[in-house]
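User: I have a model open and want a quick walk through it. Can you start with the sheet?

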Amino acid sequence: MIYITGDTHNLEDMSNLSTSNMKFCCRQQAADYKSIENVIVLGDFGLPWYNCPVDEGGILPKNGSDAYLLKWYSQKPFQIFAVQGNHENYDMIEKLPQEQMFGGTVLRLSYNVFYLKRGEIYNIEDKSFLVLGGAASTDKIFRTPHESWWEQEEWTKEEQAACLAKIEEHGNKFDYVLSHTGTTKGIALADPYYSDAARLAELQLDSTVCFNDKIDSLITYKKWFFGHWHSDWGYENYAETKYVPLYHEGIVIKSNSQEALPE
Ligand SMILES: [Fe+2]
């Protein structure tokens, strides 16, 4: 079973993955917490935040909060996969060891914690996932490059072209899409500020939103999960929407065999 939740921001929102919070969300969806094998965080994972050594097993944090958090995650009875957000140390992400998993390349932080690569397609528990990621930080003028802000948060043209080619190769059809910021339509649901056209147009300043909109026009899928807007609107309205913004709450995706079981 897969559990999808929103931004964790290093220690700040690690409680998204607390046993009590996850059990609460599972109960609301008639799902068994013990069946969770894979957890997905929709970006702004923020680990590691500080530069540290890397070996073939993942990161070796020297900073206290990074080390504490990695140890806390290592005690979880599931694997954790993070979509790449905007508040991530991309210089470290670029150094992580790569390996093949779910039919795509993942980046290893430890034996049970990984980043998903943006532009990859994965088959997780028999469901196809298109993984996007990134966003433009609106607060970047207050941040320090390579210390608290990384320009790699936005896609390069080459990355976008490679992703579009992969989508076409896959037949433009997926079960689920995972991203950090959303599509224009999805963001309008997550944040009431964007309830009028002039404000919606502001979103086009973010190259990642424009890219997400383009992909949205090219593919079919069941649900599009995203974080970044710190809204649980998608949890509250899951049955009625294909755009699913999440923050603290988690949506359960049961495997085909679990779905077939009687309640
Ligand atoms: Fe965030």
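Analyst: Seven strands make an open sheet, ordered S6-S7-S8-S5-S2-S1-S14, with mixed pairing. Strands here are DSSP runs of E, at least two residues, and helices are runs of H or I, at least four, numbered from the N terminus. Two strands pair if DSSP finds at least two bridges between them. This is a predicted model: local features need pLDDT of at least 70, side-chain atom pairs count only at pLDDT 80 or more, and totals for chains, interfaces and linings use all residues. Residues are numbered from 1 along each chain as its sequence is written.

User: Which strands stand at the edges?

Analyst: Strand S6 (98–101) and strand S14 (250–253). Each has a single partner strand, so one side of each lacks a neighbour in the sheet.

User: By how many degrees are neighbouring strands turned against each other?

Analyst: On average by 30°, direction ignored. The axes are lines fitted to C-alpha atoms; angles run from 0 to 180 degrees between N-to-C directions.

User: Are S6 and S7 paired in the parallel or antiparallel sense?

Analyst: Antiparallel, over four bridges, with S7 covering residues 104–108. Met 101 sits opposite Gly 104 in S7.

User: Switching to the core. Which residues touch the most other members of the largest one?

Analyst: Ile 4, Ile 40, Leu 42, Leu 116, Leu 178 and Phe 225, out of 60 residues. Strand S8 (residues 113–116) gives the largest share, four residues. A nonpolar core is a set of buried Ala, Val, Leu, Ile, Met, Phe, Trp, Tyr and Cys residues joined through C-beta atoms within 7 Å. Buried means 20 or more other C-beta atoms within 10 Å of the residue's own, exposed means 12 or fewer, and partly exposed lies in between, with C-beta atoms placed from the backbone.

User: What does Ile 4 touch?

Analyst: Beyond four places in sequence, Ile 40, Leu 42, Phe 225, Leu 246, Gly 250, Ile 251 and Ile 253. Contact means C-beta atoms, placed from the backbone, within 7 Å.

User: Where is Lys 223 found, and why is it called partly exposed?

Analyst: Lys 223 is in strand S12 (residues 223–226). Lys 223 counts as partly exposed because 18 other C-beta atoms lie within 10 Å. Leaving out neighbours within four places, Lys 223 contacts Tyr 176, Lys 242 and Val 244.

User: And where is the place of Tyr 33?

Analyst: In the loop between helix H1 (19–28) and strand S2 (38–41). Beyond four places in sequence, Tyr 33 contacts Met 22, Lys 23 and Cys 26.

Definitions and conventions
Contact = placed C-beta atoms within 7 Å.
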